[in-house]
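Colleague: I have a model open on my screen and would like to talk it through with you. Shall we start with how the chains meet?

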Amino acid sequence: MSLLEGFAVAAQPMYLLFALGGVLVGTAVGVLPGIGPAMTVALLMPLTYSLEPTAAIIVFAGIYYGGMYGGSTTSILLNTPGESSSIVTALEGNRMAKAGRGAAALATAAVGSFIAGTIATVLLSFVAPYVAAFAVQIGPVEYVALMVVAFLTVGALLGSSVLRGLASLALGLFIATMGFDSLTAQQRYTFGSPFLADGIDVVLVAVALFAVGEALYVASRLRHGPIKVIPVTGGWTKWMRKEDWRRSWRPWLRGTAIGFPVGTIPAGGADVATFLSYASERKLAKGARKKQFGKGAIEGVAGPEAANNAAAAGVLVPLLTLGIPTTATAAMLLVAFQRYQIPVGPQLFENDSALVWALIASLYVGNLMLLVLNLPLVGIWVKILQIPRPYLYAGILVFAALGAFSVNFTPIDVIILLILGILGFFMRRYGYPVAPMVVGLILGPIFENQLRRSLAISQGDPVALVSSPIAAAIYVVLIIIFVLSFWMRKRQSAMEAETTADLEGGVDDGADTPRATVAQGGPDADGTSGAAPAGPGDPAESAHPGAAAGVPGAESAPGPDTVSGGAHSGASSTKNRKESP
Amino acid sequence: MSMSTSSPAGSGTAAAPGRPIGELIFALIVISVGVVGFVAGASIQTPPSASDIGPKAFPYLVSGMLVLVGAGLVIQLLRGGTGVPEEGEDVDPNIATDWATVGKLAGFVLLHSFLIVPLGWPVAAAVLFFGAAWSLGARPWFRNLITAIVLALVLQFVFAGLLGVSLPAGFLEGFGVFSG
């Protein structure tokens, strides 16, 4: 019933328009390299003060979801040597595009994202109230435990280096302590400067690190020359063949099943879910299809894309019910709630139920809009992808300066923006992730308050922090998460090495063999292959050569073939150079 | 981990021979922020009324974390564990750092901050866009200039005119559609 009321609000023409605006902006920033949803929410926050809270939150939710869709378009269509292939999960779509199957990759990503997003939003609508009802009962001690989990997972697990992640987190926490102490009104680390008395604004730090740092960093190593976007042809209704649907629907559902729960726990967010889905699809694939992994297997696009979107909805569970963000974008959404004086936490579903249900309803609506925006209208995003890079990064700087100036309408903030941006530049250069710093800055004050409340209750006895059964259980879960994620990271690097090795094999002899298979398999392979998709222990071993032939069939088209051949040899020379010394 | 597939081994060393030193300086800065945290934290007053651990404890905790993590980083660096520079679609891992462009961009942001008040936001923004696009290699200059002016006016119109953000309009002060 509450959800229906939410729909009644979200379906008002004005809010539909705001949702459309949000998903448009979100998809655009998802498509464009160099900017992400976290930065966009940060930038728009000072610029949307004149909006009422519901409208603003709907816009931000649209940006959040839209960013998830846009990213796949870039990784599939942008032909950048090196980078896109370094993320295994982004690799399959790019390989498909190079083999002339970009349209199918885009379609399976968009439809999979829609299905996963919708199912995950349904799960969110049902799970969140229960979690909130449970969360109302927990006290400051448990909050401290939950936030320790969030800090450590975001800090230690998001980047590639644990120490660098923790350093970034600690820098964020340090900036968070600057300014007046909220409980005793004492000045801390203001160094006598009136500009530091109120602390440094979160929006300023986020925009500086995400936007200015990124622009400076890219400028230091800008890839020159034309932007190679792989063209997509044909009407969008014909993008996916029957065969593609048959091979995609199970990965979509599996991806959703993996993504949503992983999103709800603070375990590194969408990246982890994406990787888990990719790994399981690869494991479940059999015979010739398994060999396709690393060369453009549609399951390797369908599953991870679905998992990515399901995780995005999952992340909203701890955010809306506990007020604990587990990704940078979720952290910025939390700031948006704070700006509008909406206390996020267990009480949100009771006190602001109209707003929260309107938000959830707008997620359903936004998903539908995104499906339309990403299938028939994908051409727009391809054009956006081709914006000349000097203009793109100059524009990012202008927007960042605009956002910074609008925080307090003082040029000093633009100078602080620049200083923090230079910090962000060096962090990127030296491999420090910036997201933990932003999360630390946002959660720091809340964490300190809860910590001090806990210790005030226990009269300074720190043992109280771990003696509550729930808190103790949370710490045990933290240890389990850590052990699991280190194990997973090992698996991930093993798999990346394996895929790289596969690719090298594929470059030397594999690049030609699929074409040979096509000659034997022929286009009628569709019928045989569909009979046996990835069922465990299926007796259809004989169907697999045909199944493989279905996709490389596209490779025999004359145009894309040359593209893929050229790219393959380019990659191989890079890799050989790496291994020779 | 993700290094394995990208940047060939030669590039890392060729592109930035000074990186370990730079990284070491960064790690030392992390430590020194922690040290400053302890020194400046000593002067934080704890009011006698404070019933809890007071305003000092958490800053000390964070400062301790900075010192410990920074020291860990220094040790890691001395043992040869350098960081993995971030990758991106527009980042070419094989070319040397272009410090001149970074400097020009930072300079134009600084210039922008000084121009907002005397000349108004649209002019300052157009200067920033024009300068940044030029620094990043966009040519010809008149196309950059036209783009910069159009962008600045559109932003001023949308954010000041439509959304009511108080951006100083400068020479456009008299026109209602451009002022917040």
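**Where the chains meet**

Modeller: Happy to! This is a predicted model, and across the interface of chain B and chain A the rule finds three salt bridges.

Colleague: Which residue of chain B forms a salt bridge with A:Arg389?

Modeller: A salt bridge needs a side-chain nitrogen of Lys or Arg within 4 Å of a carboxyl oxygen of Asp or Glu. Here the closest N and O atoms are 2.8 Å apart, so the pair meets that cut-off. The partner of A:Arg389 is B:Asp90.

Colleague: How much area do chain B and chain A bury between them?

Modeller: The contact involves 88 residues of chain B and 85 residues of chain A. Of the area buried, 73% is on carbon and sulfur atoms. B:Phe58, B:Glu89 and B:Asp90 supply 10% of what chain B buries against chain A, more than any other three residues. The area for the two chains comes to about 7800 Å².

Colleague: How many residue pairs are in polar contact between chain B and chain A?

Modeller: Counting pairs with both residues at pLDDT 80 or more, the number is 19.
The side of chain B that touches chain A divides into 54 nonpolar, 24 polar and ten charged residues. So, back to your question, the count of residue pairs in polar contact is 19.

Colleague: Is A:Asp244 buried or exposed?

Modeller: A:Asp244 is found in helix H10 of chain A, and its side chain makes a polar contact of 2.6 Å with that of A:Arg101. Its relative accessible area is 0%. Because the cut-off is under 20%, A:Asp244 counts as buried.

Definitions and conventions
Residues numbered from 1 in each chain as written. Chains lettered and ligands numbered in written order. Predicted model: local features only at pLDDT ≥ 70, side-chain atom pairs only at ≥ 80, totals over all residues. Heavy atoms only, no water. Contact = heavy atoms within 4.5 Å. Buried area = accessible area lost by both parts, 1.4 Å probe. Polar contact = N/O pair within 3.5 Å; in protein donor to acceptor, adjacent residues only side chain to side chain. Nonpolar A, V, L, I, M, F, W, Y, C, P; charged D, E, K, R; others polar. Helix = DSSP H or I, 4+ residues; strand = E, 2+ residues; numbered from the N terminus. Buried < 20%, exposed > 50% of the residue type's maximum accessible area, 1.4 Å probe, protein only.
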